[in-house]
Amino acid sequence: MPKGSGLTKPLNLSDDLSNLVGAKKGEKLSRPEVVKRLWAYIKENKLQDPENKQFFKPDKKMEPIFGKDKIRAFGMAKFLKTHLTNP
C-alpha cells in the first residue's frame, strides 16, 4: 500500500481534537498517530479505570469529543470520525 493512503493518510483535525493531542495549527495526522497520542494523554493523566484498563473516564478536555461517560478505549475510533476529515 502506498504511503499516505488508507489508514496512514494524513487527515485534518477538529479544533477540539487538535488541542487534545497537541497538534500544531493546520497539522495533519493519520488516524493511528491520533490514537497513539490519545493513549499517551490517557496514561499521562491517569484516566484509565484502575480495575479494568480497557476503559477510561474522559476529563474536561476530552468531553467535547467523548462525552462524560466511561468509554471502552478500543471503541474510541467511532468518536473520532466526526473530528477527522479529508484534506
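Predicted model: local features only at pLDDT ≥ 70, side-chain atom pairs only at ≥ 80, totals over all residues.
Okay, let's start inside. The largest nonpolar core has 21 residues, and the members that touch the most others are V34 and F66. Helix 1, helix 2 and helix 3 are the elements that put two or more residues into this core. Helix 2 gives the largest share, with 4 residues. As background, nonpolar side chains in soluble globular proteins tend to be buried together.

What does F66 touch, once we skip residues up to four places away in sequence? The list is L20, L38, F56, P58, I71, M76, F79 and L80. Two of those names come back when we look at rings: F56 and F79 form one aromatic cluster with F66. The count of aromatic pairs comes to 3.

There's another ring to look at, F55. K70 sits over its face, 5.1 Å from the ring centre. Is D49 buried or exposed? D49 counts as buried, because its relative accessibility is 14% and the cut-off for buried is under 20%.

On to the other salt bridges; the whole structure has 4. R37 is the one to watch. Its side chain meets E27 at 3.7 Å, N to O. R37 lies in helix 2 and E27 in the loop between helix 1 and helix 2, so this pair ties together parts that are 10 residues apart in sequence. R37 also meets E33 in a salt bridge, at 3.1 Å. Those two both lie in helix 2, 4 residues apart, which is about one turn of the helix. Through shared partners, E27, E33 and R37 join into one network. As for accessibility, R37 is partly exposed at 23%, E27 is partly exposed at 25%, and E33 is partly exposed, also at 25%.

Last stop, K25, which is found in the loop between helix 1 and helix 2. K25 is exposed, with a relative accessible area of 80%. From K25 to P87 you go 62 residues in sequence, and 14 Å in space, C-alpha to C-alpha.

Note on methods: Residues numbered from 1 in each chain as written. Heavy atoms only, no water. Buried < 20%, exposed > 50% of the residue type's maximum accessible area, 1.4 Å probe, protein only. Phe/Tyr/Trp six-rings, centres within 6.5 Å; stacked < 30°, edge-to-face > 60°. Lys NZ or Arg CZ within 6 Å of the ring centre and 35° of its normal. Core = buried A, V, L, I, M, F, W, Y, C linked by side-chain atoms within 4.5 Å. Contact = heavy atoms within 4.5 Å.
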